[in-house]
Amino acid sequence: MRPNLILALVVGVLFGAGVVLLLERSLSRVLIGIILLSNGGNLLLLLGGRAGGAPILGITPESEMSDPLAQAMVLTAIVITLGLTAFLLAMAYRSWQLTGHDEVRDDPEDRRIVRRAQRRELAGPDDNTGEGPWVPPGGVLGTDPEQVDPEPAPRRLDGEADGR
């Protein structure tokens, strides 16, 4: 049996959207990205299995049985995704309670490296990679484009903006 082209496209869209959302800084978007990636993986596993009758000996001939391994792997993946979703949801809720937003802050070490690069203190080779600082195609020393800006200003809760 050939895989359905529409289902293969759905898997691609789920993986693409999941990866884009997974790269965001907001935990709620990361959560949705993980759910989309998981659903895409589950559908991919089911597409990889053989379609057919119920995999029960004595009821369905062996040549017409569906692949029970793919079904068992999808059921296991669903349970694992449920646990991971619950954990991320609790983490996003706790972050919202403590800070008023669910964005992941920058690591202090990342901010220190960005400050050193702005002061041009990274002229020597990096201890970890043996390479010097990042130089853009124009040849002017700058900060790494993958590094994020310093910590954003905290968001206000609705009651704080009105002075309540």
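I started at Gly 53, which touches Thr 60, Glu 64, Met 65 and Ser 66, leaving out residues up to four places away in sequence; contact here means heavy atoms within 4.5 Å. Before going on, I noted that this is a predicted model, where local features need pLDDT of at least 70, side-chain atom pairs count only at pLDDT 80 or more, and totals for chains, interfaces and linings use all residues. Residues are numbered from 1 along each chain as its sequence is written, and side-chain values use heavy atoms, with hydrogens and water left out.

**Entry: the loop**

Where is Gly 53 found? I found Gly 53 in the loop between helix 2 and helix 3. Helices are DSSP runs of H or I with at least four residues, strands are E runs of at least two, and both are numbered from the N terminus. Gly 53 counts as partly exposed because its relative accessibility is 27%; buried means under 20% relative accessible area, exposed over 50%, and partly exposed in between (1.4 Å probe, protein chains only). I also looked up Asp 67, 14 residues from Gly 53 along the chain: the two C-alpha atoms are separated by 9.2 Å.

**Entry: the helix pair**

Next I checked how helix 2 (residues 27-48) and helix 3 (residues 68-99) meet: their axes come within 10 Å and cross at roughly 180 degrees. That makes helix 2 roughly antiparallel to helix 3, a label for angles over 145 degrees. The axes are lines fitted to C-alpha atoms over the stretch in contact, with angles from 0 to 180 degrees between N-to-C directions.

**Entry: helix 3**

Which residues of helix 3 are buried? I listed Ala 70, Val 74, Thr 81, Thr 85, Leu 88, Ala 92 and Ser 95. The buried residues of helix 3 pack against helix 2.

**Entry: the whole chain**

I counted 5 helices and 0 strands in the protein. Buried residues make up 19% of its 164 residues.

On confidence, the protein averages a pLDDT of 79, and 71% of the residues score at least 70; pLDDT is the predictor's confidence in each residue, from 0 to 100. Confidence is highest in helix 1 (residues 5-22), at a mean of 94, and lowest in helix 5 (residues 158-162), at 56.

Key. Angles under 35 degrees count as roughly parallel, over 145 as roughly antiparallel, 65 to 115 as roughly perpendicular and the rest as oblique.
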